[in-house]
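Subject: Structure for you to look at

Hello,

Here is the structure I promised to pass on. Please open it and keep it beside this email while you read.

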Amino acid sequence: MISNSFAAIPTQEETRKKFCRFKKARIKHIDYKDADFLLKFVNEQGKLLPRRITGTSLKFQRKISVSVKRARHLALMPYVADGLK
Amino acid sequence: MAKAWILPPHFFWTSRGKMWKTLLTFAVHLKTKPFLSMNQYETIFILTPVLSDEQVKEAVGKFEKFLNDRGTKMIHQESWGLRKLAYPIQKKMTGFYHLFEFQADPTVIASFEVEFKRDERVLRFLTVRLDKHAIAFNQSRRVKKGAAEALNEGGEA
């Protein structure tokens, strides 16, 4: 009986809702030593990706940003890069 | 009215209530605080690649001894060996990574970091305090690593 009466509003199949992977997988700690994992949250130039693209919740975005910065300090990740990934 | 003597929750919103709340929480804090506070820390440092294996061992031993002399408890240490750096540091593209995980009094850390700054063999170092999630994570990581090594040994044998 559920019908989409508003044509402008897309149905559920069309829009997949973004989710926070840490909340979903119940990950509580982000390791700064694991550079391969942190690479997922960084663009080709080694810059942090915004939350609106990765879907991460604010709590974990803060943790990611700290751990990426730690990894950069320890030369596990580059500060500036070209064609990372 | 029974139980009329129990304070209503909005009492703690008033200024007098807030004062009582802070006093109460402080009393609880004093009661639960351990006498000697020990935090768990993790230190990673990078040594120059120009050192020989023995010199690396000697340098690591020096820092280990520094910690042991100050009554800290070493929990785990790990050598990652010679690794490629993501960018050059002091014109060097590789370095020996080493990791310490230890329990120490917070006053030790500052002098420990000064020791790193004085040593010319150290390219970089980082000390972080571990929260409870990090401690649990590191423990599980060690267990997984031990299991993987045991599997490998079993495969070879």
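Start at Gln90(B). One caution before going on: the model is predicted.

Where does Gln90(B) lie? Look in the loop of chain B between strand E2 (73-89) and strand E3 (92-104). The backbone deserves a look too. Phi of Gln90(B) is positive, near 50 degrees, and the residue is not a glycine.

Now move to Lys91(B). This residue also lies in the loop between E2 and E3 of chain B. Its phi is positive, about 60 degrees, although Lys91(B) is not a glycine. Is Lys91(B) buried or exposed? Lys91(B) is exposed, because it has 5 other C-beta atoms within 10 Å.

**Strand E1 in chain B**

Next, find strand E1, residues 39-47 of chain B. Of its 9 residues, 7 are buried, so the strand is largely enclosed by the rest of the structure.

Which strands does E1(B) pair with? One partner is E3(B): the two pair in the antiparallel sense, over 9 bridges. To see one of these pairs, find Asn39(B). Its bridge partner in E3(B) is Ala104(B).

Another partner is strand E4, residues 122-129 of chain B. Here 7 bridges join the strands, and they run antiparallel. Find Ile44(B) for an example: it stands opposite Leu126(B) in E4(B).

**Helix H4 in chain A**

Switch to chain A and find helix H4, residues 58-73.

Which residues of H4(A) are buried? They are Ile64(A), Ser67(A), Val68(A), Ala71(A) and Arg72(A). These cover an arc of only 140 degrees around the axis, so they sit on the same side of H4(A). An α-helix has 3.6 residues a turn, so residues three or four places apart point the same way.

What do the buried residues of H4(A) pack against? They pack against helix H2 (35-38) of chain A. The face turned away from the buried side carries the exposed residues Leu58(A) and Lys59(A).

Finish just after H4(A). There, Ala75(A) takes a positive phi of about 60 degrees.

Best wishes

Conventions:
Residues are numbered from 1 along each chain as its sequence is written. Chains are lettered from A and ligands numbered from 1 in the order in which they are written. This is a predicted model: local features need pLDDT of at least 70, side-chain atom pairs count only at pLDDT 80 or more; totals for chains, interfaces and linings use all residues. Helices (H or I, at least four residues) and strands (E, at least two) are DSSP runs, numbered from the N terminus. A residue is buried if 20 or more other C-beta atoms lie within 10 Å of its own, exposed if 12 or fewer, and partly exposed in between; C-beta atoms are placed from the backbone. Two strands pair if DSSP finds at least two bridges between them. The expected span of a helix is 1.5 Å times one less than its number of residues. The arc is that of the directions from the helix axis to the C-beta atoms. Two residues are in contact if their C-beta atoms, placed from the backbone, lie within 7 Å.
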